[in-house]
Amino acid sequence: MFPLFETLAIENGKIQNIDYHQTRYERSLHQFYGKSAVNIFPLFDLIQPPEHLRNKLIRCRIDYNDKATVVQYFEYARKIYRTFQPVICDEIEYGLKYANRDLLNTLFAQRGDCDEIMIIKNGKVTDCSIGNLVFRQSNQWFTPDTPLLQGTQREKLLREGKIQQATIYVRDIKKFDEIRLINAMNGL
């Protein structure tokens, strides 16, 4: 019913990166539905956090199709991801933020004792199961130039010049000092 979704962070009552989410939402609707995608809503107008969560960090999930949206709110506690299990999957495609995450969940189940996975496609690092990855080498941060999904946080950090794209092969992982997960809820 709702094949696509957006996850937005609301911190201290302020919606984070709303313009990036709006752009991806509109692009995804047009890509998924083509010219029939005419009911495009300003996401900002849909978001009304419940009063009991107003001063909390909120994860707002908007499920949508070309005709309707469903908005949900969850209190969110940031997690620290220290270990990443490389998992090879050459056939994965996740260019849109699909609600069906069956393949991602199957890959995530292969993490073993690690906190998260690092998806490897055709020998190159892509993303993890819930966001993009960034790699630190000395004082510079790099993100793979082969992401599965063009994340909003990734896009923002690239535009701000805080991270830069690089081709990162599996063999390159050991060259980095630190790996972090970034997504709508977790910045650099």
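Author: Let us start with a definition: a residue is called buried under 20% relative accessible area, exposed over 50%, and partly exposed in between. Please keep in mind that this is a predicted model.

Reader: How are the rings of Phe32 and Tyr33 arranged?

Author: They form an edge-to-face aromatic pair, with 4.8 Å from centre to centre and 70 degrees between the planes. The structure holds six aromatic pairs, and Phe32 and Tyr33 belong to one aromatic cluster together with Tyr94 and Tyr98.

Reader: What about the nonpolar side chains, and which residues have the most contacts inside the largest nonpolar core?

Author: In soluble globular proteins, nonpolar side chains tend to be buried together. Here the largest nonpolar core has 16 residues, and those with the most contacts inside it are Leu8, Ile10, Ile47, Cys60 and Tyr73. Strand 1 (4–11), helix 1 (18–33) and strand 3 (58–64) each supply at least two residues of this core, and strand 3 gives the most, with four residues. Apart from this core lies another, of 14 residues, among them Phe84, Met118, Cys128 and Leu133.

Reader: Where does the charged end of Arg61 sit?

Author: The charged end of Arg61 sits over the ring of Phe5, 3.9 Å from its centre, while that of Arg171 sits over the ring of Tyr169, 4.4 Å from its centre.

How values were computed. Residues numbered from 1 in each chain as written. Predicted model: local features only at pLDDT ≥ 70, side-chain atom pairs only at ≥ 80, totals over all residues. Heavy atoms only, no water. Core = buried A, V, L, I, M, F, W, Y, C linked by side-chain atoms within 4.5 Å. Buried < 20%, exposed > 50% of the residue type's maximum accessible area, 1.4 Å probe, protein only. Phe/Tyr/Trp six-rings, centres within 6.5 Å; stacked < 30°, edge-to-face > 60°. Lys NZ or Arg CZ within 6 Å of the ring centre and 35° of its normal.
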